[in-house]
Amino acid sequence: MTTPDNISVSVKNLDLSFGAVQVLKNLNIDIGAGEFLVLLGSSGCGKSTLLNCIAGLLEVTGGQIFIGGKNVTWAEPSERGIGMVFQSYALYPQMTVRGNLSFGLKNAKLPKDEINKRVARAAEILQMENLLDRKPGALSGGQRQRVAIGRALVRDVDVFLFDEPLSNLDAKLRTDLRVELKQLHQQLDNTMIYVTHDQIEAMTLADRIAIMKDGLIQQLDSPDEIYSRPVNKYVADFIGSPSMNFFEGEISIGESDSFQTGELTMPLSGYAFDGLGRSSGPAWLGIRPEHIATGADAAAMPFNADTKVEIVEPMGSDTLIWTRLAGERIRIRMDGQSKVATGDTLKIGFSPERVSLFDKSTENRI
């Protein structure tokens with residue numbers, strides 16, 4: 001939990017409009033010192049725009065931005081005490097790695113000894129001492145992105161901003177560099193704000209995630225809380241791969257709470273209702289593919305039913321099963337060694353403790 005004494009970056013009532021189009025809408029967020037915050041959302045949700053406002057690359061329409069307790073709303077990027085890493089490496093091709101790392105420091109007229117010290121430290125942290133005399137053309141994509149990170153690192157600032165830094169890399173390099181970024185944060189303990197549309201990056205890197213949609217923050221919480229208790233149907237659908245299964249139906253509150261969808265009745269005894277309380281009415285019920293039990297395990301669940309397997313997708317460690325329940329096509333994640341074939345009858349089931357309920361009209365968690 002952040003307090004006024006340990007807040008590193010604070011965004012207060014932030015608005016940004018381009019003409020008549022409002023892109024960011026009254027955003028408020030406090031980021032703690034040493035926190036790794038991820039801004040997550042689909043394209044056009046406003047996450048990179050918010051990062052650029054914090055960096056000073058965009059002029060805000062309203063609200064204020066504080067970094068290290070200082071109001072930097074109208075300060076130049078160079079005056080904000082930040083280091084930024086972009087999606088593109090933006091390295092000088094004619095310069096060596098050493099030259100790229102030291103270029104900004106030379107322009108700032110730092111003493112030569114201090115420049116050499118910072119470059120050496122960044123190279124050691126990022127394990128690229130042997131690359132200092134190479135030019136970008138002789139580096140791999142992952143090595144180039146390390147140099148881009150190093151260029152921010154030598155600035156010796158308290159806040160680092162990352163704008164989708166791994167999106168140009170292939171899958172294996174993204175995984176490798178993601179681990180390195182996590183280790184870098186643990187080593188430096190600096191505040192890091194990271195923009196991505198990749199939920200795996202968000203879940204693995206973040207202390208907290210801010211999920212954005214249409215210029216608004218939908219939920220700001222830990223990865224575990226967002227996964228387990230999404231605040232609305234949008235967040236529930238966005239987080240998880242494959243995404244949550246949904247059923248449209250009616251909640252019935254009485255001696256035995258239940259959810260009715262089609263001809264199926266699903267018991268709700270044990271479900272933790274949100275602050276809105278228990279009430280009957282139209283709703284959505286969501287259950288994640290990995291929370292659906294099969295076979296003998298399903299038979300012991302409060303709700304179970306027999307279904308027919310339509311599609312089997314082997315994925316190595318997992319097997320993804322497609323079937324239908326109450327007229328809805330659903331996905332089930334099973335162990336990769338499961339022996340299931342198309343056309344098989346499969347008993348499935350789940351517990352009320354694992355489901356999420358959302359109001360039909362507002363789509364907020366019930």
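This passage describes the fold of a predicted protein model and then selected parts of its chain.

The structure is a predicted model in which local features need pLDDT of at least 70 and side-chain atom pairs count only at pLDDT 80 or more, while totals for chains, interfaces and linings use all residues. Residues are numbered from 1 along each chain as its sequence is written, and side-chain values use heavy atoms, with hydrogens and water left out.

The protein contains nine helices and 21 strands; helices (H or I, at least four residues) and strands (E, at least two) are DSSP runs, numbered from the N terminus. The C-alpha trace spans about 75 × 45 × 35 Å along its principal axes. Of the 366 residues, 48% count as buried, where buried means under 20% relative accessible area, exposed over 50%, and partly exposed in between (1.4 Å probe, protein chains only). The accessible surface amounts to about 17400 Å², and carbon and sulfur atoms account for 47% of this area; accessible areas come from the Shrake-Rupley method with a 1.4 Å probe, and for residues only the protein chains shown count as cover. Contact is defined as heavy atoms within 4.5 Å. Among contacts between residues at least 6 apart in sequence, 66% join residues at least 24 apart. The protein carries 38 positive and 46 negative charges, whose mean positions are 7 Å apart. In this count Lys and Arg are positive and Asp and Glu negative, whereas His and the chain ends are not counted; the place of a charge is NZ of Lys, CZ of Arg, CG of Asp or CD of Glu.

Strand pairing was examined next, two strands being paired if DSSP finds at least two bridges between them. Strand β1 (residues 7-18) runs antiparallel to strand β4 (residues 62-67), and five bridges join them; Ser-10 stands opposite Phe-66 of β4. Strand β4 is also joined by two bridges to the antiparallel strand β5 (residues 70-71), with Ile-67 opposite Lys-70. Two residues lie between β4 and β5 in their hairpin, and Gly-68 in the turn has a positive phi of about 60°.

Helix α2 (residues 97-107) has Val-97, Gly-99, Asn-100, Leu-101, Ser-102 and Leu-105 among its buried residues. The cover over the buried residues of α2 includes α3 (112-125) and α4 (141-153). An α-helix has 3.6 residues a turn, so residues three or four places apart point the same way. Lys-109 is located in the loop between α2 and α3 and has a positive phi of about 60° although it is not a glycine. Lys-109 counts as exposed because its relative accessibility is 73%.

Met-212 has Ile-217 of β10 as its bridge partner. Asp-214 occupies the loop between β9 and β10 and, although not a glycine, has a positive phi of about 50°. With a relative accessibility of 48%, Asp-214 counts as partly exposed. Most residues other than glycine have a negative phi, and most peptide bonds are trans. The peptide bond from Ser-241 to Pro-242 is cis, with omega near 0°; Pro-242 is found in the loop between α8 (233-238) and β11 (245-252).

Residues up to four places away in sequence aside, Ser-222 touches Asp-207 and Arg-208. A polar atom of the Ser-222 side chain lies 3.2 Å from the backbone nitrogen of Glu-225.

An open sheet of three strands has the order β15-β20-β16, with antiparallel pairing. Its edge strands are β15 (293-294) and β16 (303-308), each of which pairs on one side only. Six bridges connect β16 with strand β20 (residues 345-350), and Thr-307 stands opposite Leu-346 of β20. His-291 lies in the loop between β14 (281-287) and β15; it counts as buried because its relative accessibility is 16%. Its neighbours within four places in sequence aside, His-291 is in contact with Tyr-227, Gly-349, Phe-350 and Arg-354. The side chains of His-291 and Arg-354 are joined by a polar contact of 3.1 Å. A polar contact is a pair of N or O atoms within 3.5 Å; within protein, one must be able to donate a hydrogen and the other to accept it, and residues adjacent in sequence count only if both atoms are side-chain atoms.
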